[in-house]
Amino acid sequence: MDETCQHLSYREEGDGKSFDTARAFCTVTESFVQPMRADVCNARYDLDPAADCEFYVDPESEAAEDEDADRGGDGAE
């Protein structure tokens with residue numbers, strides 16, 4: 001897998017600080033992530049953001065949940 005997490009960005013500043021080297025930032029948690037977490041985000045070592053990250057949110061499933069909530073359903077049939 002060569003895909004990176006869609007919620008990963010690299011920022012050279014944040015939390016009132018600036019950095020010489022851009023750091024990995026998770027847009028889901030709105031926080032900088034440790035290098036080991038970035039390995040998951042970057043799908044290194046056969047890791048998969050969708051399967052191995054507890055913060056990963058698939059926009060399609062999120063939209064489906066929103067539609068279900070709008071209909072007042074609980075997902076049960």
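**Entry 1: a cysteine to start**

I looked up Cys53 and found that it counts as buried, at 13% relative accessibility. Here buried means under 20% relative accessible area, exposed means over 50%, and partly exposed lies in between, with a 1.4 Å probe and protein chains only. I note that this is a predicted model, where local features need pLDDT of at least 70, side-chain atom pairs count only at pLDDT 80 or more, and totals for chains, interfaces and linings use all residues. Residues are numbered from 1 along each chain as its sequence is written, and side-chain values use heavy atoms, with hydrogens and water left out.

How many disulfides does the structure hold? I found zero; a disulfide would be a pair of cysteine sulfur atoms within 2.5 Å. Cys26 is in none, and its nearest cysteine sulfur, that of Cys41, is 6.1 Å away. Cys26 is buried too, with a relative accessible area of 9%. For Cys53, the closest cysteine sulfur is in Cys41, 5.8 Å off, which is too far for a bond.

**Entry 2: strands**

Next I traced the strands, which are DSSP runs (E, at least two residues), numbered from the N terminus. Two strands pair if DSSP finds at least two bridges between them. Strand E1 (residues 8-14) runs antiparallel to E2, and six bridges join them. One of the partners I checked was Gly14, which bridges to Lys17 in E2. E1 and E2 make a hairpin with two residues between them, and Asp15 in that turn has a positive phi of about 55°.

E2 and E3 are also antiparallel, paired over two bridges.

**Entry 3: rings**

How many aromatic pairs are there? I found two. Rings of Phe, Tyr and Trp (its six-membered ring) pair if their centres lie within 6.5 Å; planes under 30 degrees apart are stacked, over 60 edge-to-face, and the rest tilted.

Why is the pair of Phe19 and Phe32 edge-to-face? Their planes are at 80°, with the centres 5.4 Å apart, so the pair gets that label. The two sit 13 residues apart in the chain, Phe19 in strand E2 (residues 17-26) and Phe32 in strand E3 (residues 31-32). Phe25 and Phe32 are edge-to-face as well, because their planes are at 75°, with centres 5.1 Å apart. Phe19, Phe25 and Phe32 form one aromatic cluster.

Phe19 is buried at 14% relative accessible area, and Phe25 is buried at 5%.

Definitions and conventions: Helices (H or I, at least four residues) and strands (E, at least two) are DSSP runs, numbered from the N terminus.
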